[in-house]
Amino acid sequence: MRRVGLAATASYLPKRWMTAAEVAERSNIPEDVIVEKFGLRGKHVAADDEHVSDLCVRAAQDLLEETELDPSQIDVVLYYGSMWRDYAVWQAAPHIAHRIGATSAFAIEYDNVSHGTPIALRIARDLLRAEEELKTVLVVAASRESYLLDYANERSRFMFNFGDGAVAGLLVGDAGRNEVLGSHAITNGAYSLQVKVPGGGSVDPAGYAFLDVQDPAEMKGGLDHESLPNFVAAAEGAAGRSGLTLGEIAFVCPLHTKRSMFVALLSALGMREDQAVYLDDTGHMSGVDSLLGLDRAVRDGRVQDGDPVLLLSAGTGYTWAATVVRWGAMR
């Protein structure tokens, strides 16, 4: 079977950094709670005129510059970031492809919000395996969901860590490095109506325009019992499909969660904090987190050749997803 590698990654974060103190002031939540419980020292916030497509283009351009890749050689541009894009009913991927000069690419996108990265890698890998004439897939994602927060709405307070940023990844067929291995995902649609922007769709076109939680107590009660086991099951499934056990995973790049969940997740995976990235300076950025974590860890020298790396995430819907990448030369 054709082997697919994650040849390069890049990221972009907006210039403005909103501190924990600012979040505390706007939400009336004590700053120490924001820092210690939410696990947030601060987060990046896009400029008023900086939209999802702009964020993606910046990350993609950085990747192209670093790799010296001619954008006309890209076969597919796949957008997988936030549903809240530049326009309400619109596709970002064709616009991004046009702006970066990917003139030979066809553009696709899907809406898998916070669990986006593991699934994007899975889709891109499978696409390259299925169609051998395809050589390269550029995956891009961005979040601008800081603009969807109503800090006066206590029902949505668990989302006050949402920030803005973008990532890009280049997947290559018949690559020699960084093989994308197995993936696994679990969905429980019982939570599908819990987190949403109620207004703007066909149910309520003129309704509430910010993120809301339908029943916080019901959602928390269910997820408190289900989320950690499903994270572990997704991780075990991805590791197993990679021919590995969880004990062989060297590093994990999870989505940003509250601090207690991060610690509990590492304990359940049998991993230490020095084997993970915790994005306390960015907060949560929809599907961006785990690929940003990998990009950072590799640039910081925290991932070594031969390391199996777990990209692990979850998002409203509710879906828990994982993909394993073996960093370094393919065996």
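Trainee: Which residues point one way from β12, and which the other way?

Mentor: In this predicted model, P308, L310, L312 and A314 point to one side of β12, while V309, L311, S313 and G315 point to the other. Residues on both sides are buried. In a regular strand, side chains alternate between the two faces of the sheet.

Trainee: What makes β12 a mostly covered strand?

Mentor: Eight of the eight residues in 308-315 are buried, and buried means under 20% relative accessible area.

Trainee: How do you know that β12 pairs with β11 and with β13, and in which sense?

Mentor: Pairing requires at least two bridges between two strands. β11 and β12 have four bridges, in the parallel sense, with V252 opposite L310. β12 and β13 (residues 319-329) have eight bridges, in the antiparallel sense; V309 is partnered there by V325.

Trainee: What lies between β12 and β13?

Mentor: Three residues separate the two strands of this hairpin, and G317 in the turn has a positive phi of about 150°.

Trainee: Why is S242 called buried?

Mentor: The relative accessible area of S242 is 14%. The cut-off is under 20%, so S242 counts as buried. S242 sits in the loop between α6 (216-241) and β11 (251-254), and touches L181, G182 and V324, leaving out residues up to four places away in sequence.

Trainee: Why is K135 called partly exposed?

Mentor: K135 has a relative accessible area of 42%. Buried needs under 20% and exposed needs over 50%, so K135 falls in between. K135 belongs to the loop between α5 (116-130) and β6. Beyond its neighbours within four places in sequence, K135 is in contact with R2, D75, L128, L171, V172 and G173.

Trainee: What makes the approach of K135 to E132 a polar contact?

Mentor: The side chain of K135 reaches the backbone oxygen of E132 at 3.4 Å. The limit for a pair of N or O atoms is 3.5 Å, so the distance qualifies.

Trainee: How do you know that the length of α3 agrees with its number of residues?

Mentor: At 1.5 Å a residue, the 16 residues of α3 (52-67) should span 22 Å. The end C-alpha atoms are 23 Å apart, which agrees. Just after α3, E68 takes a positive phi of about 55°.

Trainee: What covers the buried residues of α3?

Mentor: The cover includes β1 (4-12), β4 (76-79), α4 (92-100), β6 (136-144) and β7 (164-173). Among the buried residues of α3 are V52, L55, V57, L63 and L64.

Technical notes
Residues are numbered from 1 along each chain as its sequence is written. This is a predicted model: local features need pLDDT of at least 70, side-chain atom pairs count only at pLDDT 80 or more; totals for chains, interfaces and linings use all residues. Side-chain values use heavy atoms; hydrogens and water are left out. The expected span of a helix is 1.5 Å times one less than its number of residues. Buried means under 20% relative accessible area, exposed over 50%, partly exposed in between (1.4 Å probe, protein chains only). Contact means heavy atoms within 4.5 Å. A polar contact is a pair of N or O atoms within 3.5 Å; within protein, one must be able to donate a hydrogen and the other to accept it, and residues adjacent in sequence count only if both atoms are side-chain atoms.
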